[in-house]
Amino acid sequence: MELHQVMEQESFVIVGDTLNTEKYAYRIKQAMTDQGYRVQCVGTELASINDVTGDIDIIDLCIRPDKGLALLRDCKKKYRSVVIQPGASSEAIVSYLNENDIPYIDGCLLLGLNLYKTGNGYKQKSEPSL
């Protein structure tokens, strides 16, 4: 799944410290919510991905790799893909995702919003000027 495809989804789980205004997880949560995406948060608001209500399209990891891996391993819910934010990746996470045939990208949802937003969710790509 490419970043533009991720931004076409509706339901996101942000994993990280979404209550601390200094953290990127907080910024991502606010920006995604402002753009009309359905966002639930795990780490400081919910304890587990299994506590999320409804369907999950994307899990966005904004948390230390060891904690992210533990939450993914514990997850019993289905989801389409994982976005691994800068600093949240590890060989163990990538191996786990590959071994379980779980699609993922190394990317940033804030970048995705800047490239693919229209004001209320996805969505037409704004092409960079040449």
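Is arginine 80 buried, exposed or partly exposed? Arginine 80 is partly exposed, with a relative accessible area of 48%. Here, buried means under 20% relative accessible area, exposed means over 50%, and partly exposed lies in between (1.4 Å probe, protein chains only).

The model is predicted: local features need pLDDT of at least 70, side-chain atom pairs count only at pLDDT 80 or more, and totals for chains, interfaces and linings use all residues. Residues are numbered from 1 along each chain as its sequence is written, and side-chain values use heavy atoms, with hydrogens and water left out.

Side chains of opposite charge can pair when their charged atoms come close. A salt bridge is a side-chain nitrogen of Lys or Arg within 4 Å of a carboxyl oxygen of Asp or Glu. The count by this rule is three salt bridges. Helices (H or I, at least four residues) and strands (E, at least two) are DSSP runs, numbered from the N terminus.

Arginine 80 pairs with aspartate 57 in a salt bridge, and their closest N and O atoms are 3.3 Å apart. Aspartate 57 sits in the loop between E2 and E3, and arginine 80 in the loop between helix H3 (65-74) and strand E4 (81-84), so the pair ties together parts that are 23 residues apart in sequence. Aspartate 57 is buried, at 11% relative accessible area.

Lysine 29 and glutamate 45 form another salt bridge, with the closest N and O atoms 2.8 Å apart. This pair links distant parts of the chain, 16 residues apart: lysine 29 is in helix H2 (residues 24-34), and glutamate 45 is in the loop between strand E2 (38-43) and strand E3 (58-62). Lysine 29 is buried, with a relative accessible area of 16%. Glutamate 45 is partly exposed, at 37%.

Arginine 64 forms a salt bridge with aspartate 66. Their closest N and O atoms are 2.9 Å apart. Arginine 64 is partly exposed at 48% relative accessibility. Aspartate 66 is partly exposed too, with a relative accessible area of 46%.

Two packed helices are described by the angle between their axes and the distance between the axes. The axes of H3 and helix H4 (residues 91-99) come within 9 Å and cross at roughly 20°. Axes are lines fitted to C-alpha atoms, for helices over the stretch in contact, and angles run from 0 to 180 degrees between N-to-C directions. H3 and H4 are therefore roughly parallel to each other, a term for angles under 35 degrees. The contact (heavy atoms within 4.5 Å) involves Pro65, Leu69, Leu72 and Arg73 of H3 and Ala92, Ile93, Tyr96 and Leu97 of H4.

Terms used. Parallel < 35°, antiparallel > 145°, perpendicular 65-115°, else oblique.
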